Amino acid sequence: MKIQDIKKIRNIRSKLILIKIIDAKGSVPRNKNVTMVISKNRQYGTIGGGELEYRVTNESIKLLNNSISIEKIIEFPLGPSLGQCCGGYIKIKLNKYNNGENLLKKNNLKDEILNHNKNLYIFGAGHVAKALMEKLDGTGFNIFVIDSRDEFISKIKIDYINAIFAKEPQIIIKNAPPKSFYLVMTHSHQIDLSICSSLLKINNFSFLGLIGSETKMARFSKRLIQIGYNKKLIDRIECPIGVDGIVGKEPDIIAISIIARLLQYKSLLNKQQNKYLKLVKC
């Protein structure tokens, strides 16, 4: 579910159903605690689509039309009974609420989304940042956009973007949570260099991407070595940013390539963390 959906759900004045996966085993389309909301005419979020979601939606409509029942639990083996070859098992709870306001009072969906997301700090609010902002909702990031130009920050009207006017980005870096993701794309190479230096100095980031060419990275690398950083740490800066093989200089193409790389990197981190957890449990 997206942050933008929360406001829409709050405005629903009729009855609606909160669908939540409460258990999942094996190969499943979505994992435990994923939610979805169904009203008479609208759907927000997804539990994976296909036959599973079709059947759960039908059960939700039945519950909406039932004047007595307010909740239901359904279980599905994801095999022949659903015509799916996943082979897993999923358990889903349906809860009925009188309106969206009531649903959100009983279930803090916004905080659930925010707490699950990674933090992404974008330094610079230019053309590429604007293209990124328009596409990032629902990708698993809490998004902060920082710029020293008030006229750029004041134009950001997207409710899921935290727009920050800051003359000294180092203050933001110092107070950001550990293991955050960073994209550096300001209007000034000198500011970019200063931000990269500050991030390397603290050295608690998950991902650091710098917009620019290989030539820019070579110059930054030389300067950062002169400042005193070791080459291994400097090599953690990804520049150019994006997925190899995507060609184009248009802001939207660059933004899509960057988002693809962020998701690729985040997935790799999740796999490593899951592998570590399995080793610890053993």
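The model is predicted. Its largest nonpolar core holds 41 residues. A separate core holds 26 residues. Helix 9 spans residues 214-227, and its buried residues line one face of the helix.

**Nonpolar cores**
- In the 41-residue core, the members that touch the most others are Val37, Leu103, Ile122, Leu132, Leu183 and Met185.
- Helix 11, residues 251-281, gives the most to this core, with 6 residues.
- Leaving aside residues up to four places away in sequence, Leu132 touches Ile122, Leu183, Met185, Ala255, Ile258 and Ile259.
- Another core, of 26 residues, lies apart from the largest one. Its members include Ile172, Leu193, Leu199 and Tyr229.
- In soluble globular proteins, nonpolar side chains tend to be buried together.

**Helix 9: span and end**
- Helix 9 has 14 residues. From first C-alpha to last it reaches 20 Å, close to the 20 Å expected at 1.5 Å a residue.
- Gly228 follows helix 9, with a positive phi near 130 degrees.

- Lys216, Met217, Phe220, Ser221 and Leu224 are the buried residues of helix 9.
- Seen down the helix 9 axis, these buried residues fall within an arc of 135 degrees, so they line one face.
- The face turned away from the buried side carries the exposed residues Arg219, Lys222 and Gln226.

How values were computed: Residues numbered from 1 in each chain as written. Predicted model: local features only at pLDDT ≥ 70, side-chain atom pairs only at ≥ 80, totals over all residues. Heavy atoms only, no water. Core = buried A, V, L, I, M, F, W, Y, C linked by side-chain atoms within 4.5 Å. Buried < 20%, exposed > 50% of the residue type's maximum accessible area, 1.4 Å probe, protein only. Helix = DSSP H or I, 4+ residues; strand = E, 2+ residues; numbered from the N terminus. Contact = heavy atoms within 4.5 Å. Expected span 1.5 Å × (residues − 1). Arc of directions from axis to C-beta.
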